[in-house]
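Visitor: I have a protein open here and would like to go through it with you. Can we take it piece by piece?

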Amino acid sequence: LSGIFPLIQENFSLTDTAAATLQTFAKIAHAIAFMVMWLCGDFLPKKRTFVISLALWIILSLSLTLVKSNQFWLFVLLRSLLTGVTEVFSVLITVLLAEQFTVTSLPILQDMTYFRQIYPLSV
């Protein structure tokens, strides 16, 4: 998001302070989604939750392209939801991969998890 931040500011005619709300809401959504997955993740069907989060990620990503320049708060809301869904998606990828790996290939999983943290899906 930081790479396109100046373009977002220009599109919505935002000051730096107003534009910072986008990052603030995204961080809040990230923390809430992580906490929900931490508390409730064991009770959710993993594969179904993964498919639903992937579908929501695609829908929200495409819907962001339809937001007009006078609808900044809709953009903030959709972007925050997208951040939360991305966190659910990221947690589930790691869990599903861990279930597929054997003890001997666990270092590969750890490398993949580390790579995901360096290059996140969004935010």
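Visitor: Which residues does the UniProt annotation "transmembrane region" cover?
Guide: According to the UniProt record, an unreviewed entry, that annotation covers residues 20–40, 49–67 and 73–98. Keep in mind that the structure you see is a predicted model.

Visitor: What is the chain like over residues 73–98, helix or strand?
Guide: Residues 73–98 are 100% helix and 0% strand. The end C-alpha atoms of that span are 38 Å apart.

Visitor: And how much of residues 49–67 is helix?
Guide: That span is 84% helix and 0% strand. Its end C-alpha atoms lie 27 Å apart.

Visitor: Stepping back, how many helices and strands does the protein have?
Guide: There are 5 helices and 0 strands. Along the sequence, the pattern reads α-α-α-α-α.

Visitor: What percentage of the residues is buried?
Guide: Of the 123 residues in the protein, 33% are buried. The accessible surface is about 8,200 Å², and 70% of that belongs to carbon and sulfur atoms.

Visitor: Which residues form a nonpolar patch on the surface?
Guide: The patch is formed by Ile28, Ile32, Phe34, Met35, Val36, Trp38 and Leu39. Together these residues have about 740 Å² of accessible area. One of them, Leu39, is in helix α2, which runs over residues 16–40.

Visitor: Now the inside. How many residues are in the largest nonpolar core?
Guide: That core has 15 residues, and Phe12, Leu22 and Phe75 have the most contacts inside it.

Visitor: Which helices supply at least two residues of this core each?
Guide: Those are α1 (5–12), α2, α3 (46–64) and α4 (72–100). The largest share, 6 residues, comes from α4.

Visitor: What lies apart from that core?
Guide: Another core of 5 residues does, and among them are Ala33, Met37, Val88 and Leu92.

Visitor: Let me pick Ala33, then. Is it buried or exposed?
Guide: Ala33 has a relative accessible area of 10%, so it counts as buried. The residue lies in helix α2.

Visitor: What does Ala33 touch?
Guide: Leaving out residues up to four places away in sequence, Ala33 touches Gly84, Glu87 and Val88. As for Val91, 58 residues from Ala33 along the chain, the two C-alpha atoms are separated by 9.7 Å.

Visitor: What about Ser80, is that buried or exposed?
Guide: Ser80 counts as buried because its relative accessibility is 10%, and the cut-off for buried is under 20%. Ser80 lies in helix α4.

Visitor: Which residues does Ser80 touch?
Guide: With residues up to four places away in sequence not counted, Ser80 touches Phe25, Ala26 and Ala29.

Visitor: Moving on to α3. What does Phe50 touch?
Guide: Phe50, which is found in helix α3, touches Phe89, Leu92, Ile93 and Leu96, again not counting residues up to four places away in sequence.

Visitor: How many residues apart along the chain are Phe50 and Leu96?
Guide: They are 46 residues apart along the chain, and their C-alpha atoms are separated by 9.0 Å.

Visitor: And Ile59, is it buried or exposed?
Guide: Ile59 has a relative accessible area of 53%, so it is exposed. Ile59 is in helix α3. Between the C-alpha atoms of Ile59 and Leu82, 23 residues apart along the chain, the separation is 9.2 Å.

Visitor: What is the phi of Ser13?
Guide: Phi of Ser13 is near 55°, a positive value in a residue other than glycine.

Visitor: Where is Ser13, and is that residue buried or exposed?
Guide: Ser13 is in the loop between α1 and α2. With 66% relative accessibility, Ser13 counts as exposed.

Visitor: One last thing, about contacts between residues at least 6 apart in sequence. What percentage of them join residues at least 24 apart?
Guide: In this protein, 65% of those contacts do.

Methods. Residues are numbered from 1 along each chain as its sequence is written. This is a predicted model: local features need pLDDT of at least 70, side-chain atom pairs count only at pLDDT 80 or more; totals for chains, interfaces and linings use all residues. Side-chain values use heavy atoms; hydrogens and water are left out. Patches are made of residues with over 30% relative accessible area and no salt bridge: like charges are joined within 9 Å, nonpolar side chains (Val, Leu, Ile, Met, Phe, Trp, Tyr) within 5 Å. Accessible areas come from the Shrake-Rupley method with a 1.4 Å probe; for residues, only the protein chains shown count as cover. A salt bridge is a side-chain nitrogen of Lys or Arg within 4 Å of a carboxyl oxygen of Asp or Glu. Helices (H or I, at least four residues) and strands (E, at least two) are DSSP runs, numbered from the N terminus. Buried means under 20% relative accessible area, exposed over 50%, partly exposed in between (1.4 Å probe, protein chains only). Contact means heavy atoms within 4.5 Å. A nonpolar core is a set of buried Ala, Val, Leu, Ile, Met, Phe, Trp, Tyr and Cys residues joined through side-chain atoms within 4.5 Å. UniProt positions are given in the numbering used here, feature names are shortened, and annotations may be inferred rather than shown by experiment.
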